[in-house]
Amino acid sequence: MIVPRKKLTFWERLFLPAFWAGFKVTWRHFVNTLFRRRNAAVVTAGGYYPEVPWTVKEGYRGAPYLVKDQEGRTKCVSCQLCEFVCPPKAIKITPPGPEVDPTTGNVEKRPKEFEINMLRCIFCGFCQEVCPEEAIFLMKDYSLNGQSREEMIYNMEKLLALGGVHQDPIMKWKKKALEAQKQEVFNPERKE
Amino acid sequence: MPEAKPDQSATPPPATVEKIKIKVDGREVEVPRLMPDWTGKLVPTTMLQACKLAGVEVPHYCYHPLLPVAGNCRMCLVEFGVPMIGPDRKPLLNDKGEPIIQRSTLPYEPGTPRGAIACATPISPGMEIYPSSPATKQMRESVLEFLLANHPLDCPICDQAGECKLQEYALDHGRAESAFRETKVHKPKQVDLGPRIMLDDERCILCTRCIRFTRDIAGDDALGIINRGGYNTLTAYPGRQFDNNYTLNTVDICPVGALTSKDFRFKMRVWFLKETKSICTSCGTGCNIIISSRENVIYRYTPRENMAVNKCWMCDAGRLNYKWIGRPDRLREVLGPGGQKSDWSKVIPEISGRLRAAPAGSVAMVISARQTVEELYLLRVLANKLGAITDAVPRVGQPDYLLVHADKNPNSNGVRLMGLCGDEMGANMRRMAEGIAAGAIRTLIVIGEDVTRCGLGPELLAKLETLVVSDILPNETTRRAHYVLPGCAHAEKRGSFISAKGRWQRFWKAVEPPGQARPEMEWLGELAHNLAGENSFASVEALFNHLSREVPALGGVRWEQLGDTGVDVKI
């Protein structure tokens, strides 16, 4: 695809309008600080971070964490779609293997290990978008620190603890179990 | 998936078969009147086969080119028309002199198109098939809606996701929303059908491919469907298990994720797997396989279609014979005398020197019929130069009537064609033992075999001056070796095998070998170069083409001629 490059107008080629526009901002902050005693940081992006944490706006894309449902189940079923879709390859899932886990009820599958390398994560939100089980969400955490690289690889335990409980109105697995149970009761062959 | 490719299964029979003209989507095509069915017998061509020949794919679940036709999934319903016949049994013609085509309609409702299942309806001259007409599309949509009425949307946890025909056809031919508002029927999940098969009844679409496979191909009538209506369930015969040696093929041919392999279940998603064309090494049949691996770990073997060798099938034993490749106790270091860690660059000149100094006739070689033809050729060059006595170790097992061969070596014919064993494989071992005991044989080269198990006991090995052993896993012989050279499994190198029936087939590298292990061809090539002045070959292809010319029985076949399915060699 060839994108035609627009020619700058004479006015734009002067660069003076752009310079004055930029200088206006600098001047405004200078005047504000000098006469109105207001710090530029407060009215622009940063705030008094880190003393006063920044209040995150609605829809902000922070760190991705795993969530549990109301019954304390890990919602993730290890379908590995997030691992597949993740552009920087930050997610690594270890599937459970063929053994049947009696503790998971009617959920056949859950990850054995789930790791996100927060140093690689670019907070694009593809994992949340692609997740068919609504098990991973980008939360509001933006300040992720660690002493070492290993510390920045969050494992399943940590991700679940940080993610907390998701108030899920669908309750897929509970609904499935109830439906199956109802059919057991409604069995024309069964002798009462 | 070993689903037969259209061009393979729909290969037109010999020209002697009469051809008839039909129309597919309004395009006139000439197709043979008779085509081979799953047994190879010539039977009237079906609409599905005719469409395949015309280059139009008709979706299907229960139809499989290598299984008897059942015609129960209804997915291949197509609208069609036949020439209208007059009272004189001649086609009626319109004003332009063309035959009038009567579209199939419901008998009690002449305005409504009526489909026919393409997999079981034979074609007739002048017939017109409409695989992309609006009525056909509507039929497909309705069939899919019906199949999905009770099918759970388990895609995130289902192993078939990524190779599921239901998923694929629902995308291509289905409708976005289902009209069914009722609760889905819940059937048993995680049903243990046999030692290697787990059944999820909810996902079963009752195509009966598994039943027909096990009854008609494997000859073990173990499966059937019980109950009627919404509670139809697939089950094994009461009191029996589905446990023949071919059960895992049903997992491949299951178009949905109802039958799952207990071995592969939940281990990896199929879209992550890298597929490598290879050959099974469990017996002399040489079944064509696909090795699925990810990040240097092999996850499964699946059969690859080769109508000349294994068709679409493969035995369970061969399929599960991959776990040893990733074993943690693999030999991964080159060891010199006294068990010291060494290096290829140090060890190979040392061995060359020792072999050069060895008097003629004082060297023996025990090789494995699991080595590739290329490696065997280099060994033959070495053996001829050193005047060595050579032999391979025979392995015999129980054959069966379908695929399993009694010869458990994948390349016995390679050894024979290279002249590396006597008329009877293993007959030279006694001579070798006598030679070592008498002190005539001072050097022994062992490739991929544990000789302590076949006549050369530890006390004999202790008498040797030099014992060079190359192997994959540690054993008694590697523990007593002066030089241990870590080798590669077939999945870790390229090469070719000649099967028990004389099929010469090549295979490709799927994973990297561990540690210092490297393909035997490399160091054998160096030895052959050092000792016999043999050209050192940079690639498998070059060596292959060279040996194919050198060995008369192989007839100068070139590497690329083998293709994916191999060539027959006279044995």
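**Where the chains meet, and what lies behind**

Guide: Across the interface of chain B and chain A, the rule finds 5 salt bridges. Keep in mind that this is a predicted model. One of the salt bridges joins K189(B) to E108(A), with their closest N and O atoms 3.9 Å apart. In terms of contacts, 24 residues of chain B touch 21 residues of chain A. Together the two chains bury about 2000 Å² between them, and carbon and sulfur atoms account for 57% of it.

Next, the aromatic side chains. A search of the whole structure gives 17 aromatic pairs over all chains. One of these pairs is F23(A) with W27(A), which is stacked, with 6.5 Å from centre to centre and 25° between the planes. Both residues belong to helix α2 (residues 16–35) of chain A, and because they are 4 residues apart there, about one helical turn separates them. The general rule is that an α-helix has 3.6 residues a turn, so residues three or four places apart point the same way. F23(A) has 38% relative accessibility and therefore counts as partly exposed. W27(A), at 48%, also counts as partly exposed, because that class runs between 20% and 50%.

A second pair, Y60(A) with Y142(A), is edge-to-face: the centres are 6.3 Å apart and the planes are at 85°. Y60(A) sits in the loop between α3 (40–43) and β1 (64–66) of chain A, and Y142(A) in the loop between β4 (136–138) and β5 (153–154) of chain A, so the pair ties together parts that are 82 residues apart in sequence. Y60(A) is partly exposed, with 29% relative accessibility, and Y142(A) is partly exposed as well, at 27%.

Rings also join up in a group: F19(A), W20(A), F23(A), W27(A) and F30(A) are linked into a cluster by ring pairs. K158(A) lies over the face of Y154(A), 4.0 Å from the ring centre, and in chain B the charged end of R294(B) sits over the ring of F272(B), 3.9 Å from its centre.

As a general point, nonpolar side chains in soluble globular proteins tend to be buried together. Leaving out residues up to four places away in sequence, I129(B) touches, among others, I22(B), M47(B), V78(B), F80(B) and I123(B).

Helix α15 (residues 540–550) of chain B has buried residues too, among them V540(B), L543(B), F544(B) and L547(B). The cover over the buried residues of α15(B) includes α9 (373–386), α14 (520–532) and α16 (559–562), along with strands β24 (495–498) and β25 (503–507), of chain B.

Finally, E492(B) lies in the loop between β23 (483–486) and β24 of chain B. At 2% relative accessibility, E492(B) counts as buried, because the cut-off for buried is under 20%. Leaving aside neighbours within four places in sequence, the contacts of E492(B) include I325(B), R330(B), K509(B), V511(B) and E512(B).

Technical notes. Residues are numbered from 1 along each chain as its sequence is written. Chains are lettered from A and ligands numbered from 1 in the order in which they are written. This is a predicted model: local features need pLDDT of at least 70, side-chain atom pairs count only at pLDDT 80 or more; totals for chains, interfaces and linings use all residues. Side-chain values use heavy atoms; hydrogens and water are left out. Contact means heavy atoms within 4.5 Å. Buried means under 20% relative accessible area, exposed over 50%, partly exposed in between (1.4 Å probe, protein chains only). Helices (H or I, at least four residues) and strands (E, at least two) are DSSP runs, numbered from the N terminus. Rings of Phe, Tyr and Trp (its six-membered ring) pair if their centres lie within 6.5 Å; planes under 30 degrees apart count as stacked, over 60 as edge-to-face and the rest as tilted. A charge sits over a ring if NZ of Lys or CZ of Arg is within 6 Å of the ring centre and within 35 degrees of the ring normal. Buried area is the accessible area (1.4 Å probe) that two parts lose on being put together, summed over both. A salt bridge is a side-chain nitrogen of Lys or Arg within 4 Å of a carboxyl oxygen of Asp or Glu.
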